[in-house]
Amino acid sequence: MGANAVLFPTLLPLLRADFHLDLATVGVVFPINSVGALIGGLVAGAGSDRVGRKPFLLFPALFSAVGMGAATLSHSWVGFVVGYLVLGVAQGAFSITVNAVVMDVSSKAHSKALNYLHGCYSLGAMLSPIVVTLLFRYLVQWRMVLAFAACNWILIFCLSVLATPPATNPTPEPHRSPFQFVINPLLGLLFMLTFFYNGTAWVLIGWVKTFLQAGNYPPEQATLMLSVFYCALTIGRFGCASFAERWGYRRTLMYSALGALLVYPLIIFSSAILWIGAGVFLCALFLAPLYPTAIAYGTQQFAERRGAITGLLSMALSLGSTLPPYWTGWLGKQFGLAAALRWNYALLFPLFTITLFIPVLRTTPSEK
């Protein structure tokens, strides 16, 4: 999934040239794909708690292949966007279900298990731009890359057929109304934390390659910056898996947000590629534990609603990957991408502030 997820940012300059698009128009794919993921995540989050996980592995994997195939074969920009909308719905549902399955089998060490899971995702995302860059040395077209990704989703479908997820409780606790669940203040904090985290991450993932190429850096350096980001994300998540349970979830969230706040200026105020690369690496390293730990925190508090919690936070994740990348494209068209990336630094201030208001989770050993 990680390898497939970063194909659009990797191929974005080629798509702009092939379809003759400006920054604002090509940036429309970010909200379209994310709105789809939001819809799919909400449906799968509540549905998999009630009817079981298996259907929400099989059908989303199949429709991901359909959406990716439609984008591959389309010769119009509208057709490409429609294909990515289908892909977004299916990926959103599949991602939420995989997270819920891992929590079902991980006892109480949710943060450890989720950081391992998301570390594997980041590993795939790290390798993908490297592989694509090597393929283009041999004149492989972007449609061939997407066709290969569609085949990957068919493989994921076949693996899902073999999967046997554990049984889930068919209904939530009877004494808790859905209304009370949704308006819980703690969930509001986790929702906003997830939004600001993913907004920061996707501005970098979505636009750093285009930003560097606009600054006349070599295309290979610009593409490999995505791998730098995901390399740090992989290291951060596997590393966090070893200490999050000991540190406690609140402390992990707070230190991660503070670190990202301190290192982001290396990206936006540097001109040397090594300093920019160091900023991207360190920012991703600190951002890495935020989403898995936020899910773990929420599901520890609402164990009977794991799918729904993951679905709710996926809505925040989708909004984060929708609005900031889109407004970055619009601002980049008006004022230049460098200025747009500087303005997005503001996302990290509320991210850190939110972690100060998240209460200590008493169910983790280090926070008793």
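I looked up the contact of helix 2 with helix 10 and found Pro9, Thr10, Leu12, Pro13 and Arg16 of helix 2 against Trp202, Ile205, Gly206, Trp207, Lys209, Thr210 and Gln213 of helix 10; contact means heavy atoms within 4.5 Å. I recorded six nonpolar, four polar and two charged residues in this contact. For these classes, Ala, Val, Leu, Ile, Met, Phe, Trp, Tyr, Cys and Pro count as nonpolar, Asp, Glu, Lys and Arg as charged, and the others, Gly among them, as polar.

I note that the model is predicted, that local features need pLDDT of at least 70 and side-chain atom pairs pLDDT 80 or more, and that totals for chains, interfaces and linings use all residues. Residues are numbered from 1 along each chain as its sequence is written, and side-chain values use heavy atoms, with hydrogens and water left out.

I then read the geometry of helix 2 (residues 7-19) and helix 10 (residues 185-214): the angle is about 45 degrees and the axes are 8 Å apart. Axes are lines fitted to C-alpha atoms, for helices over the stretch in contact, and angles run from 0 to 180 degrees between N-to-C directions. Helices are DSSP runs (H or I, at least four residues), numbered from the N terminus. Helix 2 and helix 10 are therefore oblique to each other; under 35 degrees counts as roughly parallel, over 145 as roughly antiparallel, 65 to 115 as roughly perpendicular and the rest as oblique. I noted their crossing as right-handed, the near helix being turned clockwise from the far one by less than a right angle, whereas anticlockwise is left-handed.

Next I examined helix 10 with helix 14 (residues 273-287), whose axes come within 11 Å and cross at roughly 155 degrees. That makes helix 10 roughly antiparallel to helix 14. I listed Tyr197, Thr200, Ala201, Leu204, Val208 and Leu212 of helix 10 and Ile273, Ile276, Val280, Cys283 and Leu287 of helix 14 as the contact. This contact has 10 nonpolar, one polar and no charged residues.

Last, I checked the largest pocket, which holds about 1,100 Å³ of space. A pocket is an open set of points on a 1 Å grid over the protein atoms alone, where a 1.4 Å probe fits, with protein on both sides within 12 Å along at least five of seven lines; lining residues have an atom within 4 Å of a point. Points are joined across faces, edges and corners, and the volume is the space filled by probe spheres set on them. I found 46 lining residues, with Met1, Ala5, Gln91, Ser95 and Tyr121 nearest the centre.

Note on methods. Helix = DSSP H or I, 4+ residues; strand = E, 2+ residues; numbered from the N terminus.
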